[in-house]
Structures are given as structure tokens and as C-alpha cells.
Amino acid sequence: VSVFENITGDTNLDALGYMASEWASSGLRELKVRTVAPEIVRQNKDAIGILPDNPQNKPSFAEITGADYVVTGSYFLKGDSIVLNTRLSSAIDGVEVKTSFPQLIEHVDHKEKLVEEVRQYLLGYWVSAKDQNLPLISPPKYEAYQGYLNCFVTEFWCHQEALKIDPDFHLARVWLLYASGGWSLDSLRKATKSELDKNLQKLTTFERNIYDYSNFIYDGNYQAAFDALNANYTIDPDDYNIAHQTAYMASSLLNRTDIAIERYEKLFQKLDSYEDKIISASFYHYMDALNREGKHQKVMDFYESLSEKNKQEADVVEVMISLYHLGRAEDVHELLEGSKSKSSEYLHAAYLYAYTFPDSTNNPFEEGLRKSLEGLSEFPEVWWRDLHIGNFRAWSLRYLAYYVLGEWGQAEQELRKLNKYDWNIYYDSFPEVTRENFIGFEQIWLTASWACLYAQQGKVTEAYQKLEVVEDLRENYKTKLHDP
């Protein structure tokens, strides 16, 4: 179901075309009609109308998406009304299917009604709604859907904004259930679940699977959570959020790197379609799964096939691990040397070299790191800036520099400064309950850093004492998104 073309001249009505596509697709799924993921259709909308064996030899819409039929539509303004036209045709030969879709007209304030009518006409074409006793599920309010298009699944605040506009927007609410559990916002999660439990019969199959997934993962039942979300992968294997979440769970929570590799390979075969949506975690988990299976050359083949922009998203640690196992140490040096443009990147290069080659006594970036010490921050900066280097939590870049250089006394001084740091300053913009969660998270990392520092100095008893504190802190730290 293609994105309907907006010919009104009003860009504020663009989301109506996306909404019609997604809502019609969700209706057809309920009839077990296999539909192309709306986001794949959006990214390839310029290919609609291109048929197989065309004179220009361009990839056809059918070849790109695997679709046999395509629904197209457009809408324009007539006074204070929107007029919408719909067409169903073959994606193979372009012939219009012999069915009557009437021109739909609704007031500009009733955009949701147009979407609902398009959906019902399509359902009526495949099967009689009366015979199947299909419920009429209303689409969300237009402005709610417009905001939802910009949400990532873990952004509870974004889903909340959509629900303020339309409390009956069930897709936003099931993702809010997942996100609120992940951030340990227990009162919000409880209220969200209570609201959903009153309306379970109104959820589509797709939404119900996300509801089950959210509950299982909150309870730590990862296999059941995977099975619930995997049901949606069967319905729509091209939905990026579903494909990424199931692949991530397979690799990180179930140790099924084979499933993760297969799913990420399919995602990256359509990288152009997901380019505006794909996150760096997909690159990392794919490369990590390949390295864990010993497929180091495949990591390099993948990395070298990426554009310069996407290479910035790929995980440099996984690239270095692959190069190390392939015996290409000189390439590691070249990779890191080319990445430096500021003080913290000397630290980045020195740390990653030490991390990848722990037995090396000659770190080629040590001299540059020593010269750049004065430019490194003592305390955390803006949220996420310079926070992670490799697998190290690097709030104090000065501390990490001394750690890499093996200057334990200086590193200890920097950690003592962090012990006194007021994390409320750092998380000032976060809601209070989330802020408390993150501060607890930082205390775990800080305590673990002391354990590392003691261990490096041979202070085994002190290191174990700190690790016991870490385990006690973890027992009381509940968030499922960020288990330290």
C-alpha cells in the first residue's frame, strides 16, 4: 500500500499519505494478507509504476518489494474538504484490478475518517467484512500519528505526547508499556498496562504481540519475549523496529548469533531503505555476532562495503578485533591514526589499541595521549558526549587517560574527584524517577572502576570487596534497558 500522494500544496498534510498507507496495511494483516512493510514502501515510493522488463532496465517495484499488487492514491483540497482517490493495480503488468473505489470526500478536520474508509474498502475487496465479522478499528487522530512517526520504541516521552492527543492510539500505548518498563518507570508502566488491559479486545494482532513482548521482557522471560515479537517478524519481516529488536534479543539475550546474523544480513541488504532510521546498535550487534562466530573476514567485507557516512556508525572495536584475528596489525594503526582530530581522539585511539592488543608493551598512541592530557575533561560533559569509548564508561577522560597510561596513582586521584561529583547536575533535564535510576547506574560503574583500578595494581582483596558491592548494587537496580 503506497504512500498516498499529497497534491494539496500543504506540507502539514504530508502525514495523511503515510497514515493511509500504514493503516490500510494493518487492516490487511488482520486478514492474513501479506503486505510490504510501510517503511519499505515509503523509501521506494519513486519506484511505484516501474514495471518488470521496462525499457530503462530499472528495478521494478515488484522486484524491490516482492509485491503482486499495489494500492496507490492521491488527495487534494476542494474548499474546506479533502478529496481522496484510490487505485488498485497489478505490480507485474500495471493493469488496474476491476473493482470500484469511490472518490472519498471528508472535511479537512475529519482526516481520520478518510483513512478509515480507505481501509474498509480494501478489506471489502479481499473478503466481505460482514461474513468475517471483522471489527471496525478506528485509526488514531491525525496529529497523534504525525508525532508518532518521529518516535523510537524506547522514547517513552514521545509516545506520551502522541497519547495526549489521542488516548485511544493503542500502537503508541503498547510501545509505551515496553519503554516505561525498560526505564523502570513503575507507576507509568502500571497505569499503561491497566489501560491496555481494559482494551485488549481492541488491539490488532500486531499490537497484542508487542503487548505480550513488553510483559515478558519486563519479567525477564527472554525466550517468551522473543517468541511474542517473532510472531510480528513473521507478519512483517521488513519492519525495522521488529527486525532489529528480535535480532538483538537473539544475539545478546539468547546467545543465538545465527538468528541475529541472518536477520541483520536481510536488514543491511536494504540499507538504502532504512538509511534514515537505522541506528548504530544494528551495526554493532551484527558485527559482534559475526566476530563471535569467527567470521572476521565477513566483518571486514561488510565494513569495507559501507559508505563513509555509515562507517561512522559501524563499531570500530569490532573492526579492530577482526583485523587483529586476521593478522593485520598495521591496518589497526592506520584505522586509528585516521580518526584523530581532537584531544579525546588520541585517548580513543590509545585506549582501543590497548583494548585490542592487551599484551602489547608498545602503544603507538601513548606519546600523543601524554601531550593531550591538559585538553581532557575531569568531569562528565553534555549528555552522551565522550561518554563511551569502546566498552569503557568514560565520564572523566582525564581518569581514563591515566588508566591507559598505567599511572595508577594519578588515576586514583581522578576517581576520588568523581566520588564527590553531583550527578544531579549531569541528569538535570531528566524526570526525577529516571534521574534516580541513572545515578544508581553511574554508582555501579564507578564502583566497578575502583575494582578495575585495584586489580591492575595487584590489590586483589580490595578489588574483590568492590566487586561484592557492585553485585549488591546490581541486585537493587531494576532497569531492563541498561543492565550494567
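**Salt bridges, helices and enclosed spaces in a predicted model**

Arginine 416 forms a salt bridge with glutamate 412, and their closest N and O atoms are 2.8 Å apart. A salt bridge here is a side-chain nitrogen of Lys or Arg within 4 Å of a carboxyl oxygen of Asp or Glu. The model is predicted, so local features need pLDDT of at least 70 and side-chain atom pairs count only at pLDDT 80 or more, while totals for chains, interfaces and linings use all residues. Residues are numbered from 1 along each chain as its sequence is written, and side-chain values use heavy atoms, with hydrogens and water left out.

Arginine 416 and glutamate 412 are separated by about one helical turn because they stand four residues apart in helix 23 (residues 408-419). Helices (H or I, at least four residues) and strands (E, at least two) are DSSP runs, numbered from the N terminus. An α-helix has 3.6 residues a turn, so residues three or four places apart point the same way. Buried means under 20% relative accessible area, exposed means over 50%, and partly exposed lies in between (1.4 Å probe, protein chains only).

Lysine 193 is partly exposed, with a relative accessible area of 25%, and aspartate 197 is partly exposed, with 33%. In helix 13 (residues 257-269), lysine 266 and glutamate 262 also lie four residues apart, about one turn of the helix. The closest N and O atoms of their salt bridge are 3.2 Å apart. Lysine 266 counts as partly exposed at 42% relative accessibility, as does glutamate 262 at 35%. Salt bridges can also link several residues: Glu304, Arg328 and Asp331 are joined in a network. A search of the whole structure finds 21 salt bridges.

The overall architecture may now be considered. The protein has 26 helices and six strands, and 49% of its 484 residues count as buried. Among contacts (heavy atoms within 4.5 Å) with a separation of 6 or more, 58% are between residues 24 or more positions apart. The protein exposes about 23,500 Å², of which carbon and sulfur atoms supply 47%. Accessible areas come from the Shrake-Rupley method with a 1.4 Å probe, and for residues only the protein chains shown count as cover.

Helix 22 (residues 397-405) is mostly covered, with eight of its nine residues buried. Among them are Leu397, Arg398, Tyr399 and Leu405. Glycine 406 follows helix 22 and has a positive phi, near 75 degrees.

Isoleucine 165 has its place in helix 7 (residues 156-165) and counts as partly exposed at 37% relative accessibility. Leaving aside neighbours within four places in sequence, isoleucine 165 is in contact with Lys141, Glu143 and Ala144. The C-alpha atoms of isoleucine 165 and glutamate 143 are separated by 7.0 Å, although the two are 22 residues apart along the chain.

On a 1 Å grid over the protein atoms alone, a cavity is a set of points where a 1.4 Å probe fits but cannot get out, and a pocket is an open set with protein on both sides within 12 Å along at least five of seven lines; lining residues have an atom within 4 Å of a point. Grid points are joined across faces, edges and corners, and a volume is the space filled by probe spheres set on the points. The second largest pocket holds about 800 Å³ of space. It is lined by 33 residues, of which Glu22, Glu39, Arg42, Leu149 and Lys277 are the closest to its centre. Helix 1 gives the largest share of this lining, five residues. The helices that each supply at least two residues of the lining include helix 1 (14-30), helix 2 (38-43) and helix 14 (271-274).

The structure holds one cavity of 30 Å³ or more. Of the 11 residues that line the largest cavity, Trp23, Ser138, Asp168, His170 and Glu207 are the closest to its centre. About 50 Å³ of space lies in this cavity.
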